[in-house]
Amino acid sequence: LRTVTYVEEIKGGRGRSNVYLDEAFAFSLYKTEICDLEIKTGDPLPEEAYLKIINEILPKRARLRAMHLLAKRPYTEAKLREKLKCAGYTENAIEAALDYVKSFNYIDDLSYAKDFIEYNKGIKNKKRLISDLMQKGVDKETIYTALDEAFEDGSMDITEQGIIEKE
């Protein structure tokens, strides 16, 4: 059984608190959830409550957070994963959120790369486009495909210029 070792209110967290199990950060919950699940420092956390948090509460909240973030602007899968991780979501909740938004094509690294290249190709050189996309977590093959489509008129031969290596 896991023991609740600490419940710490998050300053500016809109009623959320970080919950620590067995001396390690586990997740963030709202005060109402903490009360409803009867979570108290020093008490064991029943398996049923833990499973509800991990399999229901956090994945649902992560999906909503991902949708909120994507409503403001597009993200690559890697950057959305990073945002959710920084927000304190568990790996299970992050995967559920990413699967959800991918199922509706709300994140698509190839489309993101194509749009990024199209918007920036007159402003940035090709090496910079590649570098920026890699920093955003887009893999080389996806970048290569997007560049190939963006410059299908032959204005750039990315493999001959040695800018990117086809794997």
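**View 1. A four-strand open sheet.** The 4 strands line up as β3-β2-β1-β4, with antiparallel pairing, in an open sheet. Strands here are DSSP E runs of at least two residues and helices are H or I runs of at least four, numbered from the N terminus; two strands pair if DSSP finds at least two bridges between them. β3 (24-30) and β4 (44-45) sit at the edges with a single partner strand each, so one side of each has no neighbour in the sheet. This is a predicted model: local features need pLDDT of at least 70, side-chain atom pairs count only at pLDDT 80 or more, and totals for chains, interfaces and linings use all residues. Residues are numbered from 1 along each chain as its sequence is written, and side-chain values use heavy atoms, leaving out hydrogens and water.

**View 2. Strand β1 and its partners.** On one pairing, β1 (residues 2-9) meets β4 through 2 antiparallel bridges, and R2 is opposite L45 in β4. With β2, β1 runs antiparallel over 5 bridges, and V7 faces V19 in β2. The β1-β2 hairpin has 6 residues between its strands, and G12 there takes a positive phi near 75°.

**View 3. Around F104.** F104 belongs to the loop between α4 (91-103) and α5 (109-120). F104 is partly exposed at 43% relative accessible area (between 20%, under which is buried, and 50%, over which is exposed; 1.4 Å probe, protein chains only).
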